[in-house]
Amino acid sequence: MMSSCCEDSSVNVMGIRGIPEKYDCGQSTAIYTSKSKQNPGRTFFRCPTFRNDHLYKWVDEAIYEEVQDALPKVECFASDLMKIKMEIESFKTAEEELKEDVRKVSNELKKLNVIMKVGFVMVFLSIVTCLVLIMFDKANGLSLNSY
């Protein structure tokens, strides 16, 4: 890897935050390793043309900027996640309330079903009783008007 004479300080003449992908000259990002005594082994971004007016940036500083720029987004996602969790809890509460309402309505329907069956049985028994009386009256030669 190549080293640069101006790697002692990070000079970002392009104003690019974070990790650069391409330079204004169209060159792709290149990473080099410093061989200076001040920063041995420290990696940096540099345009492969090595022109002084092109980007020169320490990799660790670029990553730090990426993290700084991502933090507000992470906080926003965390806030959105908290809102979604609250909505889910609200939906769970509503679901439980609806389940309770369904149980109550189901019990009411069961009661009404029993009442309806009892009513049908009473109507059926009344009809049978009337038919028996009519048949009894005819068998004895009586009419309903005599009651």
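What does the accessible surface of the protein come to, and what percentage of it belongs to carbon and sulfur atoms?

1. The accessible surface comes to about 11400 Å², with 65% belonging to carbon and sulfur atoms; areas are from the Shrake-Rupley method with a 1.4 Å probe. This is a predicted model, in which local features need pLDDT of at least 70, side-chain atom pairs count only at pLDDT 80 or more, and totals for chains, interfaces and linings use all residues. Residues are numbered from 1 along each chain as its sequence is written, and side-chain values use heavy atoms, leaving out hydrogens and water.

2. The protein has one helix and three strands, in the order β-β-β-α along the sequence. Helices (H or I, at least four residues) and strands (E, at least two) are DSSP runs, numbered from the N terminus.

3. Helix α1 takes in residues 59-140, 82 residues, and reaches 117 Å between its first and last C-alpha, close to the 122 Å expected at 1.5 Å a residue (1.5 Å times one less than the number of residues). Glycine 141, with a positive phi near 75°, follows α1.

4. Of the 147 residues, 16% are buried (under 20% relative accessible area, 1.4 Å probe, protein chains only). In α1 the buried residues are Val59, Ala62, Glu65 and Asp137. Their cover includes β1 (31-33), β2 (43-46) and β3 (56-58).

5. Residues 81-115 are 100% helix, with end C-alpha atoms 51 Å apart. Residues 114-136 are also 100% helix, and their end C-alpha atoms lie 32 Å apart.

Note on methods: Buried means under 20% relative accessible area, exposed over 50%, partly exposed in between (1.4 Å probe, protein chains only). Contact means heavy atoms within 4.5 Å.
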